[in-house]
Amino acid sequence: MAPIPGNRSLPLVGLFFLALNVSATPAWAQPPKLPNKTILTLERSVALALQNNPELAVFRAQRGSAAAGVTLARTYPFNPVWTSAVMGDSGPASAGITNRVFNQHTLSQEIEVLGQGKIRRAAADAALSRVEWEIAAQEQQFAVRTIRAFHAYIYRQEKMRVLDETIHLQQQTTQKVKRLSDQGKLKVADFM
């Protein structure tokens, strides 16, 4: 899309609507850095909204967690587990305790039965896919909101231009009618 010629206020008002679009941005978030005379096109506005939105950053961070889940599911998780418990045992001398230290050691090795690994990997892949779809849906939602805000701004700007032109034409007409009224070519009632 070509930039709108001849309007110097477009970058500032465009940034205003971009800020409105990012309504859930915390107060401490930094606005995107733009050169002073940048004219925002529709494509540039959407790109800035998608790059600098903190809500999207949160959704994108979830992808890393889901990808780590896939890596864990593909790694053989069943390492041997050794647990040890050592406890002291005491009592009166008349009890006849010969072993005053109780030891318990357990070594366990889990195994996969009936394709558990395949199910675990499929579940992790499904979780990653769900997160990627959620990210895509959120990006699309923010892009649509940005496009709507951009078009609303363009509409309002054009509406203001037409209203200014209408006011200017009414002022010119009033001046011409006043001149004709002053010259006697029109009645005072026509001027009113």
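Predicted model: local features only at pLDDT ≥ 70, side-chain atom pairs only at ≥ 80, totals over all residues.
Of the 192 residues in the protein, 20% count as buried.

Let us begin with helix 4, which covers residues 116–182 and has 67 residues. From its first C-alpha to its last, helix 4 reaches 98 Å, close to the 99 Å expected at 1.5 Å a residue. Helix 4 is followed by G184, a residue whose phi is positive, near 90°.

Two packed helices are described by the angle between their axes and the distance between the axes. The table puts these values side by side.

| Helix pair | Angle between axes | Distance between axes |
|---|---|---|
| Helix 3 and helix 4 | about 165° | 8 Å |
| Helix 2 and helix 4 | roughly 140° | within 9 Å |

What does each angle say about direction? Angles over 145 degrees count as roughly antiparallel, and helix 3 and helix 4 are therefore roughly antiparallel to each other. The crossing of helix 3 and helix 4 is left-handed. In the contact of helix 3 with helix 4, the residues divide into 12 nonpolar, three polar and 10 charged.

Helix 2 gives another picture. The axes of helix 2 and helix 4 cross at roughly 140°, which makes helix 2 oblique to helix 4. The crossing of helix 2 and helix 4 is right-handed.

It is worth looking at helix 3 on its own as well. Helix 3 runs over residues 54–74. At 1.5 Å a residue, the 21 residues of helix 3 should span 30 Å, and this agrees with the 31 Å between its end C-alpha atoms. Which residues of helix 3 are buried? They are L56, A66, V70 and A73. Seen down the axis of helix 3, these buried residues fall within an arc of 75°, so they line one face of the helix. The face of helix 3 turned away from that buried side carries the exposed residues V58, A61, S65, T71 and L72.

Terms used
Residues numbered from 1 in each chain as written. Heavy atoms only, no water. Helix = DSSP H or I, 4+ residues; strand = E, 2+ residues; numbered from the N terminus. Expected span 1.5 Å × (residues − 1). Axes fitted to C-alpha atoms, helices over the stretch in contact; angles between N-to-C directions. Parallel < 35°, antiparallel > 145°, perpendicular 65-115°, else oblique. Left-handed = near helix turned anticlockwise from the far one by under 90°. Nonpolar A, V, L, I, M, F, W, Y, C, P; charged D, E, K, R; others polar. Buried < 20%, exposed > 50% of the residue type's maximum accessible area, 1.4 Å probe, protein only. Arc of directions from axis to C-beta.
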